[in-house]
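Student: I have a new model open on my screen and would like to go through it with you. Could we take it piece by piece?

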Amino acid sequence: MLVDEFGPRAPGSDAERRAAKHLAARLGELGREAEVETFPVWPAWATGYAINAAVAVIGSILSVSSGTLGTIVVLVATVLTFLDLSGILPTTRRLLGRRASQNVVSWGDRDKPGALFLVAHYDSGPTRTRALRPLFLAMLVLLACCVLRAAGMSGTALTVVQFIPTAALIVYVALLLDVILSPAAPGENDNASGVAVVLRATERLDQDGLDSFGVHVVFTGSQKAMAQGMRAFLKAHRGELTSGDVALVNVDSVGSGELRLTKKEGPLLSTKSHPQLLGLVDTDTFANREPSDGYAASSAGIAATTIRADGARLEEEALAEADELVVELAQSLDEELSQP
């Protein structure tokens, strides 16, 4: 559906915008009201991290002649990377252009004591991706070396140790340039599959009904820009998410393979998925190192988990299994809350 009609849907792109309108109409066909909520996004995350890495390399070179100056430069690059990668706020990429992105939000019955949010991002990321935690760790090691130089230490051993993270950052600049130059992926599995499953599960849950939970749907934009869509949703609806029993199930890349639930999530600072959600179904768990929508929600104190499969293809049987898992989890949660 999304792939055939809109193709790659990069954060902040026209294709993403048109896909958002399509999803709002699709929810309308299910008898639901849907709103398209626009928010600002800074999508050039790879360029921002490449700049930070290059600045850290410059700081490493400067530290040889001036330990204090080199330390300051590396510290700035490290702090900017930490703030962005931990999801606190976008930093360097704010200098690289702002675009408009959209969340598609459909509220269910708000009068029920509980709120269950079914979430899937509909944008697609670059065809090439890189893990970012090693980038930050290299900066930390480099910063420690620069601090030692500022304190007056020198010698061959320190030079050798400092060379290792410096070389790693140079390699990361090249890897990030590869990400920057790669086109946006069609996103069949990541995450047209999740969108399809949320639509199916929502239709079933609306028909069967839950006693204690209103079922709400959020299709997030710009998840591939460090989950900015979910963070924008959380900021806009903070009041509605802090009262009563609130749970969030994020469905991401479930097109094929074994379905699993996250036990913890986060590219840098990990948060644990809610144990109550994990105990509702008999499914394996895993640690997700990507900045998912589930991670953004759990970082905000919401009971959340992400459903994900370990395959890369799109198979109808896997979509049906994911649909069953979402419905089972929702019904089990409803039964648990309904017990006296």
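Student: Is Ser222 buried or exposed?

Tutor: Before we start, this is a predicted model, where local features need pLDDT of at least 70, side-chain atom pairs count only at pLDDT 80 or more, and totals for chains, interfaces and linings use all residues. Residues are numbered from 1 along each chain as its sequence is written, and side-chain values use heavy atoms, with hydrogens and water left out. Buried means under 20% relative accessible area, exposed over 50%, and partly exposed in between, with a 1.4 Å probe and protein chains only. Ser222 has 0% relative accessibility, so the word for Ser222 is buried.

Student: Where does Ser222 sit, and what is its phi near?

Tutor: Ser222 is in the loop between strand 4 and helix 8 (228-236); helices (H or I, at least four residues) and strands (E, at least two) are DSSP runs numbered from the N terminus. Most residues other than glycine have a negative phi. Ser222 is not a glycine, yet its phi is positive, near 55°.

Student: Which value does phi of Ala227 come near?

Tutor: Ala227 is placed in the loop between strand 4 and helix 8, and it counts as buried at 0% relative accessibility. Its phi is positive in a residue other than glycine, near 55°.

Student: Which residues does Met226 touch, not counting those up to four places away in sequence?

Tutor: Met226 lies in the loop between strand 4 and helix 8, and its 8% relative accessibility makes it buried. Contact means heavy atoms within 4.5 Å. By that rule, Met226 touches Trp45, Tyr49, Asp84, Arg93, Leu132, Arg231 and Pro291.

Student: At what angle do helix 5 and helix 6 pack?

Tutor: Two packed helices are described by the angle between their axes and the distance between the axes. Axes are lines fitted to C-alpha atoms, for helices over the stretch in contact, and angles run from 0 to 180 degrees between N-to-C directions. For helix 5 (residues 133-150) and helix 6 (residues 156-181), the axes are 9 Å apart and the angle is about 145°.

Student: How many residues of the contact of helix 5 with helix 6 are nonpolar, polar and charged?

Tutor: The contact includes Leu135, Cys145 and Arg149 of helix 5 and Thr159, Gln162 and Tyr172 of helix 6. Ala, Val, Leu, Ile, Met, Phe, Trp, Tyr, Cys and Pro count as nonpolar, Asp, Glu, Lys and Arg as charged, and the others, Gly among them, as polar. The residues of this contact divide into 15 nonpolar, 3 polar and 1 charged.

Student: Which residues are buried in helix 2?

Tutor: Helix 2 covers residues 14-29 and reaches 23 Å from its first C-alpha to its last. Its buried residues are covered by elements including helix 1 (2-6), strand 1 (35-41) and helix 7 (188-208). The buried ones are Ala15, Glu16, Ala19, Ala20, His22, Leu23, Ala24 and Leu27.

Technical notes
Expected span 1.5 Å × (residues − 1).
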